[in-house]
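Notebook open, structure loaded. I want to jot down what I look up as I go.

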Amino acid sequence: MDLANKLGIGLSTIRPRFLRLFGEEYTKVAKHKLDGSLLNYKGQLAEYLGLEYLRLKGIDVNDVRGKAILKGTLKRPDFVVDDTFIEIKSYYINLNKRKVKGYLNIIDDYLRKETKDGKILTRGIIISLGGFSEEVKKKAHEDGLLLIGYKDLKVTFEENNQIKFLELLSELVGF
């Protein structure tokens, strides 16, 4: 909308005009941008719902999403509680990385890493609203990590009569 106003043209004429000027390259760039924006929106919504779930469970977390808390790296989990990292994802988690971060990537990034205040992250919680592969469930059990999925959030929101969160959860996962 802002771009249309700046160019002095109607919003409905931007796409045809850009297609004429830039051809199929415009379509590729626009789709890539839209996909990235959608993934970012889903990720932010998943983090919001995950945080509300944790609060309803009485878990007081340290929000470290914007802070570099680990020694020697800028990578950071979403939340930390004592020696436990918490990572929240909107998508299905496989063992290995494909287009998005997989279980092994999460473990490599956070488990047994030292924080700048000297704590070692020896435990972890991964919340995924898209679910987990059987390989991930097995590996997490071996690693002693807690996996929390869509149904866990749904039950907790229902038990606490959190209609707003149930609606957002339903929007996110499409049920």
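This is a predicted model: local features need pLDDT of at least 70, side-chain atom pairs count only at pLDDT 80 or more; totals for chains, interfaces and linings use all residues.

**Entry 1: helix α7**

The face turned away from the buried side of α7 carries two exposed residues, Lys 164 and Glu 167.

Which residues of α7 are buried? In this helix, which runs over residues 163–173, I noted Phe 165, Leu 166, Leu 168, Leu 169, Leu 172 and Val 173. Looking down the axis of α7, I see these buried residues fall within an arc of 165 degrees, so they line one face of the helix. A reminder to myself: an α-helix has 3.6 residues a turn, so residues three or four places apart point the same way.

I also checked what comes just after α7: Gly 174, which takes a positive phi of about 80 degrees.

**Entry 2: aromatic pairs**

Next I went looking for ring pairs. How many aromatic pairs does the structure hold? I got three.

One of them joins Tyr 48 and Phe 165. Their ring centres are 5.7 Å apart and the planes sit at 70 degrees, so I logged the pair as edge-to-face, the cut-off being over 60. This pair links distant parts of the chain: Tyr 48 belongs to helix α3 (residues 24–56) and Phe 165 to α7, 117 residues apart.

Phe 165 also pairs with Phe 157. Here I have 5.3 Å centre to centre and 40 degrees between the planes, and the pair is tilted. Put together, ring pairs link Tyr 48, Phe 157 and Phe 165 into a cluster.

Buried or exposed? I looked up each ring of the cluster.

- Phe 157 has 0% relative accessibility and counts as buried.
- Phe 165 is at 7%, and counts as buried too.
- Tyr 48 is partly exposed, with a relative accessible area of 31%.

**Entry 3: Ser 133**

Last stop was a loop residue. Where is Ser 133? I found it in the loop between β4 (123–128) and α5 (134–143).

Ser 133 comes out at 6% relative accessibility, and because the limit for buried is under 20%, I put it down as buried.

So what is Ser 133 in contact with, leaving aside its neighbours within four places in sequence? My list reads Tyr 92, Ile 93, Asn 94 and Leu 95.

Terms used. Residues are numbered from 1 along each chain as its sequence is written. Side-chain values use heavy atoms; hydrogens and water are left out. Buried means under 20% relative accessible area, exposed over 50%, partly exposed in between (1.4 Å probe, protein chains only). Helices (H or I, at least four residues) and strands (E, at least two) are DSSP runs, numbered from the N terminus. The arc is that of the directions from the helix axis to the C-beta atoms. Contact means heavy atoms within 4.5 Å. Rings of Phe, Tyr and Trp (its six-membered ring) pair if their centres lie within 6.5 Å; planes under 30 degrees apart count as stacked, over 60 as edge-to-face and the rest as tilted.
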